[in-house]
Amino acid sequence: MTSWFQLASVFSMLSLLAVGGGSAVLPEMQTLLHQHFNFSQTEFVHAYSVGQLAPGPNMLAVLIMGEMIDGILGAFIVALAFFIPSSILCLYAGRLWTHIGDTPWRHCLQQALEPISIGLMCSGVYTIAKESLVNWQSCAVALVVGLLLLKTKINPVILILGAGLLGFLSAYVTS
Amino acid sequence: MAAKNSADTPKIALHQIFWQFLIVGAISFGGGIVAYLKELLVTRYRWVDSDEFIVLLSISQTMPGLNSVNIAILMGDRLRGALGAWAAAIGLLLPGGLIVMAIGILYGINSDHPMANHILGGVAAAAAALLATVTWNLGERTFKKRKSLALLVLTFVLMSIVKWPLYLVLGVVLPLALFIYRPTPASKTEAQP
């Protein structure tokens with residue numbers, strides 16, 4: 001019961017702090033899940049990473065975290081807590097926003113938020129990278145995948161599955 | 001607002017909104033949801049025109065929460081009021097949510113297997129690269145301007161190096177950024193995009 005309440009409060013707070021998208025709250029999410037549920041960094045990065053294999057918004061991975069903490073019910077609570085508060089805010093603030101129309105302050109707010117959200121996304125990259133790039137092999141995989149993503153139009157899911165297969169093969173060959 | 005809109009746009013049924021967003025939610029593997037939405041709902045079905053889409057997109061990026069979910073909410077509301085908003089958001093999230101749950105349960109069952117760590121090591125390295133390239137592409141403009149780069153670096157340092165809680169980072173950097181980009185008398189006339 002207490003863990004349901006904690007799950008709901010942690011994820012609804014993250015929902016409202018997710019400035020510039022979901023990956024902006026990755027560092028905070030990792031810290032809070034560790035503090036409240038003793039969720040390890042490895043579990044966090046694994047849950048985030050396998051979540052990238054599904055279609056839809058990339059932050060649906062939060063459902064896996066909820067499932068790992070408290071089963072199907074945990075996932076359900078996280079889904080409601082993470083998606084409803086920001087959506088309600090967006091619905092009503094969006095109406096107000098279109099009602100007021102274009103003001104110089106709207107432009108100012110957009111300009112101010114852009115560097116902050118990219119900065120937070122860089123922190124998100126850092127959170128994931130420092131746990132996943134642990135040896136030269138993983139750095140090499142990330143480098144190759146990154147270059148392919150920048151230079152070609154291969155679907156990221158195929159590259160992620162390929163990298164998983166590579167991990168499997170390398171372990172299979174060495175064992 | 002919804003009443004005003006229904007006069008100049010054809011009324012689109014709730015189940016149509018739900019269905020189209022469900023399709024995008026089911027096919028958008030590897031991200032890029034906004035591009036799928038634009039292709040399907042602006043270019044093909046013309047539910048909103050592309051100028052309006054850009055306005056909705058910029059609002060969705062300014063609000064907290066996931067951009068893709070926010071734009072679903074705004075488009076749904078524009079088409080069919082609050083019910084339309086929820087139909088769009090639920091449609092977008094449902095397929096991926098179910099698939100992610102299946103993946104999560106598979107992971108839960110197999111996470112003790114020695115092979116799981118090797119596979120997930122590869123998956124995580126690729127996921128890190130994906131997030132890095134998405135950030136790089138989104139931030140291209142921000143990296144090039146001195147003022148915005150300074151704010152970006154400050155945000156990163158406070159969050160990842162000094163390790164402040166997020167509300168504190170936002171509480172300090174946002175007012176600073178608003179001050180830096182505050183509207184000036186000159187920008188009032190030329191700021192229109």
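This is a tour of a predicted two-chain model, one selection at a time.

Residues are numbered from 1 along each chain as its sequence is written, chains are lettered from A and ligands numbered from 1 in the order in which they are written. The model is predicted: local features need pLDDT of at least 70, side-chain atom pairs count only at pLDDT 80 or more, and totals for chains, interfaces and linings use all residues.

**Chain A**

Select chain A. Its secondary structure comes to 7 helices and 0 strands, in the order α-α-α-α-α-α-α along the sequence. Helices (H or I, at least four residues) and strands (E, at least two) are DSSP runs, numbered from the N terminus. The C-alpha trace of chain A spans about 65 × 45 × 25 Å along its principal axes.

Colour chain A by domain, with bounds that come from an automatic or database domain assignment. Domain 1 covers 2–132 and domain 2 covers 134–175. The C-alpha centres of these two domains of chain A lie 26 Å apart.

**The side of chain A that touches chain B**

Show both chains and select the residues in contact, meaning that their C-beta atoms, placed from the backbone, lie within 7 Å. The selection holds 89 residues of chain A and 84 residues of chain B. On chain A, the elements that give two or more residues are α1 (2–17), α2 (26–37), α3 (41–51), α4 (61–100), α5, α6 (136–151) and α7 (156–174). Helix α5(A) gives the most, with 24 residues. By class, this side of chain A divides into 57 nonpolar, 28 polar and 4 charged residues. Here Ala, Val, Leu, Ile, Met, Phe, Trp, Tyr, Cys and Pro count as nonpolar, Asp, Glu, Lys and Arg as charged, and the others, Gly among them, as polar.

**α5(A) against α6(B)**

Select residues 104–132 of chain A and 114–144 of chain B, which are helices α5(A) and α6(B). Their axes come within 9 Å and cross at roughly 160 degrees, which makes α5(A) roughly antiparallel to α6(B). Axes are lines fitted to C-alpha atoms, for helices over the stretch in contact, and angles run from 0 to 180 degrees between N-to-C directions. Angles under 35 degrees count as roughly parallel, over 145 as roughly antiparallel, 65 to 115 as roughly perpendicular and the rest as oblique.

The crossing of α5(A) and α6(B) is left-handed; that is, the near helix is turned anticlockwise from the far one by less than a right angle, whereas clockwise would be right-handed. Residues to display include A:Ile118, A:Met121, A:Cys122 and A:Val125 in α5(A), and B:Ala128, B:Leu131, B:Thr135 and B:Leu138 in α6(B). This contact has 14 nonpolar, 5 polar and 1 charged residues.

**α6(A) against α6(B)**

Among the residues that make the contact are A:Val141, A:Val145 and A:Leu149 of α6(A), with B:Gly121, B:Ala125 and B:Leu130 of α6(B). The contact of α6(A) with α6(B) divides into 11 nonpolar, 5 polar and no charged residues.

**Within chain B**

The contact joins B:Ile33, B:Val34, B:Leu37 and B:Leu41 of α3(B) to B:Asn67, B:Ser68, B:Ile71 and B:Met75 of α5(B).

**Confidence**

Colour chain B by pLDDT, the predictor's confidence in each residue, from 0 to 100. The average for chain B is 89, and 91% of the residues score at least 70. Over residues 1–7 of chain B the pLDDT is below 50; it also stays under 50 over residues 189–193 of chain B. Where pLDDT is low, the predicted coordinates should not be read in detail. For the complex, the predictor gives an ipTM of 0.93 and a pTM of 0.90.

Conventions:
Two residues are in contact if their C-beta atoms, placed from the backbone, lie within 7 Å.
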